[in-house]
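Hi,

Here is the structure I promised to pass on. My notes follow below it.

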Amino acid sequence: MSDVEAQRLEALQRYHILDTPAEPAFDDLVQLAAQLCNTPIAAVCLVDADRVWFKASTGITTLEVPREKSFAAHTVQQAGTLVVRDTLADERFREHPLVQDNPPVRFYAGYPLITPEGHAV
């Protein structure tokens, strides 16, 4: 594990948010995101060491996915928005559970949540 990844994980742990109950503010945020983007699915995800945990979501019932199969794990590794126009055509995601699920995810756009220290969580 790189020093940057270790620092990112430490920053995430300091928030004490993983595996916490639903919160109206996060639920409202994903509802607003889905409405503004005119999409059936929206989520706030947090990238832990081995998994991506969904703090809030709409349009899916998944609570977490393995990190190695996640969209969000790729999102936190870059600056700015990650856009995947066709998940079936992208080798990183074609086997992803949400791409294989019903309804299938065919488009993805994600933006990392950045801590004040600059860590993408």
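**Fold and pocket**

From the N terminus, the elements run α-α-β-β-β-α-β-α-β. Helices (H or I, at least four residues) and strands (E, at least two) are DSSP runs, numbered from the N terminus. The radius of gyration is 14 Å, close to the 14 Å of the globule rule for 121 residues, so the chain is as compact as a globular protein of that length. That radius is taken over C-alpha atoms, and the rule is 2.2 Å times the number of residues to the power 0.38.

This is a predicted model: local features need pLDDT of at least 70, side-chain atom pairs count only at pLDDT 80 or more, and totals for chains, interfaces and linings use all residues. Residues are numbered from 1 along each chain as its sequence is written, and side-chain values use heavy atoms, without hydrogens or water.

Of the 121 residues, 40% count as buried (under 20% relative accessible area, 1.4 Å probe, protein chains only).

Now the largest pocket. Its space is about 880 Å³. A pocket here is an open set of points on a 1 Å grid where a 1.4 Å probe fits, with protein on both sides within 12 Å along at least five of seven lines; lining residues have an atom within 4 Å of a point. The volume is the space filled by probe spheres set on the points, which are joined across faces, edges and corners.

The lining has 36 residues; closest to the centre are Ala-42, Ala-43, Tyr-108, Ala-109 and Gly-110. Elements supplying at least two lining residues each include helix H2 (24–37) and strand S1 (42–47).

Best wishes

Conventions. Buried means under 20% relative accessible area, exposed over 50%, partly exposed in between (1.4 Å probe, protein chains only).
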